[in-house]
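Subject: Handover of a structure, with notes

Dear colleague,

I am passing the structure below on to you, together with an account of what was found in it. Please look at the sequence and the coordinates first, and then read the notes beside them.

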Amino acid sequence: MIREIVQVGDPVLRKKCERVSRFDSALCTLLDDMKETLEAAEGAGLAAPQVGVPIRAVVVNVDEGYFEFINPVFVWQKGEQRGPEGCLSVRGKAGDVVRPAKVKVIFQDRKGNKFSLVARDFFARAICHELDHLDGILYIDKATNVRDED
Ligand code: CO
């Protein structure tokens, strides 16, 4: 089911999200809905607070594939890249953000299994953007040259 994407100004986007402790059917439904919502919006990533659920879960859809990250934590971040970003919760805007060039994250899947992953370039950028959402941070807090984009 496609869920409504919360827009900037809604306090849920500013919450520090709770860790996921129950890997149950409600989590699966949420993740399925987030995937569908992300696909419909043609975005690169979506965090649970963006559909009004302040828990530590994000989905990312990039050239490398579709990924679900539950309770993600950075192991390290290396280098630097500057590039444009937008956000499904900040419609019609874009801005330039400096992010690490390469990151390693540990995370769980929807069943609670633990994984680690190294990402670079745009994939790393997408992960950084989505993980910021889990701490109530939006890219516009960090961006320069925020501009209208259609
Ligand atoms: Co966003």
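Which residues does Glu85 touch, not counting residues up to four places away in sequence? Before the reply, please keep in mind that this is a predicted model. Under that count, Glu85 touches Lys93, Ala94, Gly95, Val97, Arg99, Arg125, His129 and Tyr139. Glu85 itself is found in strand 4, which covers residues 81–87, and because its relative accessibility is 6%, under the 20% limit, it counts as buried. With one of the residues it touches, Arg99, there is also a polar contact from side chain to side chain, at 2.8 Å.

Leaving aside its neighbours within four places in sequence, Asp132 is in contact with Arg99, Ile137 and Lys142.

The metal site comes next. The protein donors of the cobalt ion are Cys87 through SG, His129 through NE2 and His133 through NE2, and they lie 2.1 to 2.2 Å from the ion. Cys87 in strand 4 and His129 in helix 2 (residues 121–133) are 42 residues apart, so that the pair links distant parts of the chain. Along the chain, the donors follow the spacing C-x41-H-x3-H. Both Cys87 and His129 are buried.

Several of these residues return in the description of the largest pocket, which has a volume of about 460 Å³. Its lining is made up of 24 residues, and those that lie nearest its centre are Ala44, Glu85, Gly86, Cys87 and Leu88. Strand 4, strand 5 (90–99) and helix 2 are the elements that give two or more residues to this lining, and the largest share, six residues, comes from helix 2. Sorted by class, the lining has nine nonpolar, seven polar and eight charged residues.

Two backbone angles deserve a look when you go through the model. Most residues other than glycine have a negative phi. Asp121, although it is not a glycine, has a positive phi of about 55°; its place is in helix 2, and with a relative accessible area of 47% it is partly exposed. Asn145, likewise not a glycine, has a positive phi of about 55° and is found in strand 8, residues 144–148.

Is Met34 buried or exposed? Its relative accessible area is 1%, and because buried means under 20%, Met34 is buried. Leaving aside neighbours within four places in sequence, Met34 is in contact with Leu46, Ala47, Ala48, Val51, Ala57, Val58 and Val59. The C-alpha atoms of Met34 and Arg147, which are 113 residues apart along the chain, are separated by 27 Å.

With best regards

Terms used. Residues numbered from 1 in each chain as written. Predicted model: local features only at pLDDT ≥ 70, side-chain atom pairs only at ≥ 80, totals over all residues. Heavy atoms only, no water. Helix = DSSP H or I, 4+ residues; strand = E, 2+ residues; numbered from the N terminus. Buried < 20%, exposed > 50% of the residue type's maximum accessible area, 1.4 Å probe, protein only. Polar contact = N/O pair within 3.5 Å; in protein donor to acceptor, adjacent residues only side chain to side chain. Contact = heavy atoms within 4.5 Å. Donors = N, O, S within 2.8 Å, 3.2 Å for Na, K, Ca; no water. 1 Å grid on protein atoms, 1.4 Å probe; cavity = no way out; pocket = protein on both sides within 12 Å on 5 of 7 lines; lining within 4 Å. Points joined across faces, edges and corners; volume = space filled by probe spheres on them. Nonpolar A, V, L, I, M, F, W, Y, C, P; charged D, E, K, R; others polar.
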